[in-house]
Amino acid sequence: MARADRPLSPHVGIYRWQVANTLSILHRATGVFLSIGALVLAGWLISVASGYQAYARVNEWLMGPFGALLLLGWTFCFFYHLCNGVRHLGWDIGLGFEKERARRTGWLTVAVSVVLTLGFWVVAFGSQGS
Amino acid sequence: MSLQSPLRRVMGLGSAKEGAGHWWAQRLTAIALVPLGLWFVFSVLGLDHGQYELVRAWIADPAHAILLLLLILALLYHSCLGLQVVIEDYVHGATKVATLISVQFAHVLVAVSSIYAIIVVSVGAGT
């Protein structure tokens, strides 16, 4: 095969931003952010084991404005990483590789993760009074 | 013609001779995390904004404790594998190795601490 016929990887400097590469880097970013979430989950579990006072401090922080904002971020990242992860598992077995289909499932992933996040928080706020 | 078996040819590939081990482990943990993650996220909704006694009782339930242990194992293994790839891509030189080692130690520490906490709450020790 002649040298020029080789497939080239995209030249990042002139690569136009589109759904595929945006969602790809978002998968990474959400994954890294969720790793920090795993740390907080561990801290939360340890605080439960440490007794009421330690737990109350952690829970107060999580329910406060900054904690709640982080939780909102983690729920969206969780649903997004989950949906896009399933998309990746599909690709692993050869499903949905066609350009148009990959684009459609990409947008679907965004829509489903936004809907799930909103649904989660509607239920969370709905149970406020109970 | 090669006398090597197909298995011999594919085993231990890659620069670290681990073959498809990393790739496969990441997929296995991903599949496990679909039900475990959804279960946890929707269970949290039932915890009445983290009321202490309710949370303790919820974790202490044997079925929940087992699922939580599985979640922690799969989550931290998956997180460790994922961060490893990110570090390998963006961190270079001696810092790379140091970062990789720190991240792996941190994951083991976090996993062991969480598992310990779940067991303590389950057996009713602590306060």
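A:Gly64 sits in the loop between helix H2 (52-63) and helix H3 (65-92) of chain A. Helices here are DSSP runs of H or I with at least four residues, strands are E runs of at least two, and both are numbered from the N terminus. From A:Gly64 to A:Cys83 there are 19 residues in sequence and 28 Å in space, C-alpha to C-alpha.

Before going on, a word on the ground rules. This is a predicted model, in which local features need pLDDT of at least 70 and side-chain atom pairs count only at pLDDT 80 or more, while totals for chains, interfaces and linings use all residues. Residues are numbered from 1 along each chain as its sequence is written, chains are lettered from A and ligands numbered from 1 in the order in which they are written, and side-chain values use heavy atoms, with hydrogens and water left out.

Now step back to chain A as a whole. Its secondary structure consists of four helices and zero strands, in the order α-α-α-α from the N terminus. Chain A is more spread out than a compact globule, because its radius of gyration is 20 Å, well over the 14 Å that the globule rule gives for 130 residues. That radius is taken over C-alpha atoms, and the rule is 2.2 Å times the number of residues to the power 0.38. The C-alpha trace of chain A spans about 70 × 30 × 30 Å along its principal axes. Of its 130 residues, 36% count as buried. Among contacts in chain A with a separation of 6 or more, 68% come from residues 24 or more positions apart, where contact means heavy atoms within 4.5 Å.

Next, let us see how the helices pack. Two packed helices are described by the angle between their axes and the distance between the axes. The axes are lines fitted to C-alpha atoms, for helices over the stretch in contact, and angles run from 0 to 180 degrees between N-to-C directions.

Between the chains, helix H1 (residues 19-50) of chain A and helix H4 (residues 62-90) of chain B have axes that come within 10 Å and cross at roughly 135 degrees. H1(A) is therefore oblique to H4(B) (under 35 degrees is roughly parallel, over 145 roughly antiparallel, 65 to 115 roughly perpendicular and the rest oblique). Residues of H1(A) including A:Ile25, A:Val32 and A:Leu45 meet residues of H4(B), among them B:Leu68, B:Leu75 and B:Tyr90.

Within chain B, H2(B) and H4(B) pack at about 140 degrees with their axes 8 Å apart, which means that H2(B) is oblique to H4(B). B:His22 lies in this helix H2 (residues 21-44) of chain B. Its relative accessibility is 12%, so B:His22 counts as buried. Leaving aside residues up to four places away in sequence, B:His22 touches B:Leu81, B:Gln84 and B:Val85.

The last pair is helix H3 (residues 52-60) and helix H5 (residues 94-123) of chain B, whose axes come within 8 Å and cross at roughly 100 degrees. H3(B) and H5(B) are therefore roughly perpendicular to each other. B:Arg56, B:Ile59 and B:Ala60 of H3(B) make the contact with B:Ile118, B:Val121 and B:Ser122 of H5(B).

Key: Buried < 20%, exposed > 50% of the residue type's maximum accessible area, 1.4 Å probe, protein only.
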